[in-house]
Amino acid sequence: MRLQIQNVSHSYDQVEALRDIEFGIEPGEVVALIGPSGCGKSTLLSIIGGMLKPTSGAVVMCDQAKPEGCLNPLTYVFQDFALLPWRTVAGNISLVLEDHPLSKSERDERIAEVLAQTNLSDFANAYPKQLSGGMKQRVGIARALAVRPAVLLMDEPLSALDAQTRILLLDEFSDLFARTGMTAVYVTHNLNEAVRLAHKVVALRRRPGTIKEIHTIDVPINERREGMPELIAHEQALWNLIRDEAIAADKELENVA
Amino acid sequence: MSHEGAKQMAQTPDTNSEPVRFRATGFNPKSNPVAAWGSFILVIALWQLGSSTGFISELAMPSPIAVAKALWQLIISGDLWLHLGASLQRLVGGWIMGTVAGLVVGFLVGMFTWARSPGVALVSALFPIPKIALLPLFIIWFGIGEPSKFATIAFGVFFPTVINTFGGVDNVQRNLIRMGQSFDLPMWSVIRKIILPGALPTILSGFRISSSIAIILLIAAEMIGAQYGIGALILAAGNLYQTDQLIAGVVVLSLMGLCVSWLLGRLDRWLLGWR
């Protein structure tokens with residue numbers, strides 16, 4: 001499915017968060033949104049998934065091409081995992097399937113399938129509090145995959161994890177994207193994640209959030225490796241793009257209150 | 001400094017050296033079931049001692065043995081079951097009515113803008129009224145019989161339940177609700193599968209408050225006009241200076257309160273096992 005972001009602007013009260021954002025997300029493409037804190041990248045992701053109404057402009061699904069058995073075309077993976085603590089791993093995945101006309105066996109089949117994909121099969125009956133952060137985010141991924149989304153919307157999915165877990169999950173995401181050809185929008189402030197996962201990096205500038213540059217990385221995802229000279233060059237280029245913005249963001253007082 | 005040198009230093013401490021004192025003591029009470037039961041036995045033994053030696057007048061405060069005898073008398077005569085049965089019916093009936101109404105209103109106030117401000121305003125105005133003050137009014141409305149007692153208890157239970165329920169609904173993490181919405185869960189599913197379980201810990205702790213309020217109002221209502229009931233039993237015993245029976249009634253109330261809190265504890269463990 002192709003998503004087109006058309007002239008999206010958004011203001012919170014007096015503060016203009018986004019202005020005239022316009023770009024497309026092609027099927028099978030991973031788009032990373034980067035930018036300093038306060039540039040409106042999470043706001044934009046909320047708008048793309050229909051969780052926030054933009055002040056003006058719209059996000060349009062240009063066709064109805066969805067994967068087979070798709071139950072929720074635009075599906076989020078959250079930074080804080082958003083798992084129900086009173087449900088087991090399997091129960092958390094079941095939650096998003098229960099309201100659809102699936103038979104019990106179809107549901108169980110889907111749960112087993114996504115648990116296997118995320119290496120969680122042994123943890124089906126564990127509660128979230130028993131899991132490490134990395135495991136929790138794997139459950140978040142499994143839950144998102146269970147509805148067979150057309151576009152995966154990932155809001156800083158690695159930010160709440162420690163450095164080692166981040167490396168592990170980054171590899172798993174990269175495998176997932178390479179294997180499934182999933183369309184995704186990936187918000188991050190970590191440039192390394194962006195150059196490892198994205199075909200297209202949208203760099204935002206702040207106050208108001210506008211597109212500074214759309215940067216394309218044409219190395220196939222499954223050929224990207226940590227420390228590859230091309231990737232380092234891309235990362236450096238992206239850093240040069242947003243460096244001044246990041247410095248300004250760092251120095252800014254919280255005057256929005 | 002070489003490794004050997006460091007070792008040497010460690011083995012020959014200065015004469016001024018002293019070990020680091022452990023400072024993080026206290027502020028960590030632990031439970032001790034033996035002490036809990038022991039304190040009971042001690043208080044009862046001292047009481048009995050006072051009564052036996054005549055230090056405590058039998059008329060003012062009967063001895064534990066006299067109370068036990070009175071309680072036994074109530075049990076074998078069957079009067080206790082009559083009183084207890086009447087009380088429990090009122091307690092359970094009134095509490096359930098007040099709780100169900102309180103949960104419904106609490107959820108509405110917690111979730112809908114249209115219910116929010118009117119609900120909070122009315123609850124804030126009516127909550128501080130001691131509900132016993134309304135008992136005469138309820139007697140005028142519903143008569144001296146059972147309905148006025150149910151109404152008093154239900155009314156007293158209703159307000160704390162509303163306050164706890166909407167507090168619990170408010171405390172459900174917004175990100176969980178947004179997650180449910182982002183997966184297009186129907187509203188009823190969001191309420192049943194996310195908001196209700198999320199608010200449950202607060203609602204259950206509210207049950208402890210509302211159940212003790214219910215017991216207070218039960219006794220008050222029974223003292224104003226009832227033939228049977230623990231409150232009526234205590235009042236009648238007092239009028240006849242039968243302090244042994246009076247204390248026996250109070251003991252039954254204490255046991256009733258303990259049973260209620262034990263049941264709520266079980267409910268907690270059953271419903272909140274995931275914590």
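How many residues does the contact take from chain A and from chain B?

**Figure 1. The contact between chain A and chain B in the predicted model.** Chain A gives 15 residues to the contact, and chain B gives 14 residues. On the side of chain A that touches chain B, eleven residues are nonpolar, two are polar and two are charged.

Figure 2. Seven helices and nine strands make up the secondary structure of chain A. The C-alpha trace of this chain spans about 50 × 40 × 35 Å along its principal axes. A compact globule of 257 residues would have a radius of gyration near 18 Å, and chain A, with 18 Å, agrees with this value. Of the 257 residues of chain A, 42% count as buried. When contacts in chain A between residues at least 6 apart in sequence are considered, 74% of them join residues at least 24 apart. The mean pLDDT of chain A is 85, with 98% of its residues reaching 70 or more. Among the elements of this chain, helix H7(A), residues 229–251, has the lowest mean pLDDT (79), whereas strand E5(A) has the highest (92).

**Figure 3. The open sheet of six strands in chain A.** The strand order is E5-E6-E7-E3-E8-E9, and the pairing is mixed. Strand E5(A), residues 74–77, and strand E9(A), residues 210–216, stand at the edges; each has a single partner strand, so one side of each is left without a neighbour in the sheet. On average, neighbouring strands of this sheet are turned by 20° against each other, direction ignored. E5(A) pairs with strand E6(A), residues 151–155, in the parallel sense over four bridges. Within this pairing, Leu74(A) has Val151(A) in E6(A) as its bridge partner. Helix H1(A), residues 41–48, lies across E3(A), E6(A), E7(A) and E8(A), and runs at about 150° to E7(A).

**Figure 4. The open sheet of three strands in chain A.** Here the order is E2-E1-E4, with antiparallel pairing. E2(A) and E4(A) are the edge strands, each of them pairing on one side only. From one strand to the next, the twist averages 15°. Helix H1(A) packs on this sheet and touches E1(A), E2(A) and E4(A), its direction making about 125° with that of E1(A). H1(A) also lies across strands E3, E6, E7 and E8 of chain A.

**Figure 5. Strand E1(A) and its two pairings.** Leu3(A) stands opposite Met61(A), and Ser9(A) stands opposite Ser56(A). E1(A) also pairs with E2(A), residues 15–25, in the antiparallel sense, over seven bridges. Val8(A) has Ile21(A) in E2(A) as its bridge partner. The hairpin of E1(A) and E2(A) has two residues between the strands, and in this hairpin Asp13(A) takes a positive phi near 45°.

Figure 6. Is Phe81(A), in the predicted model, buried or exposed? Phe81(A) is buried, because 23 other C-beta atoms lie within 10 Å. Its place is in the loop between E5(A) and helix H2(A), residues 89–95. Leaving aside neighbours within four places in sequence, Phe81(A) is in contact with Lys136(A), Gln137(A) and Gly140(A). Pro128(A) is 47 residues from Phe81(A) in sequence, and the two are 9.8 Å apart in space, C-alpha to C-alpha.

**Figure 7. Helix H10(B) and its cover.** H10(B) comprises residues 230–239. Its buried residues are Ile230(B), Gly231(B), Ala232(B), Leu233(B), Ile234(B) and Ala237(B). What covers these buried residues includes helix H4(B), residues 79–111, helix H9(B), residues 187–224, and helix H11(B), residues 243–271. Tyr241(B), which follows H10(B), has a positive phi near 60°.

Conventions
Residues numbered from 1 in each chain as written. Chains lettered and ligands numbered in written order. Predicted model: local features only at pLDDT ≥ 70, side-chain atom pairs only at ≥ 80, totals over all residues. Pairing = 2+ DSSP bridges. Axes fitted to C-alpha atoms, helices over the stretch in contact; angles between N-to-C directions. Contact = placed C-beta atoms within 7 Å. Nonpolar A, V, L, I, M, F, W, Y, C, P; charged D, E, K, R; others polar. Buried ≥ 20, exposed ≤ 12 C-beta atoms within 10 Å, placed from the backbone. pLDDT = per-residue confidence, 0-100. Rg over C-alpha atoms; globule rule 2.2 N^0.38 Å.
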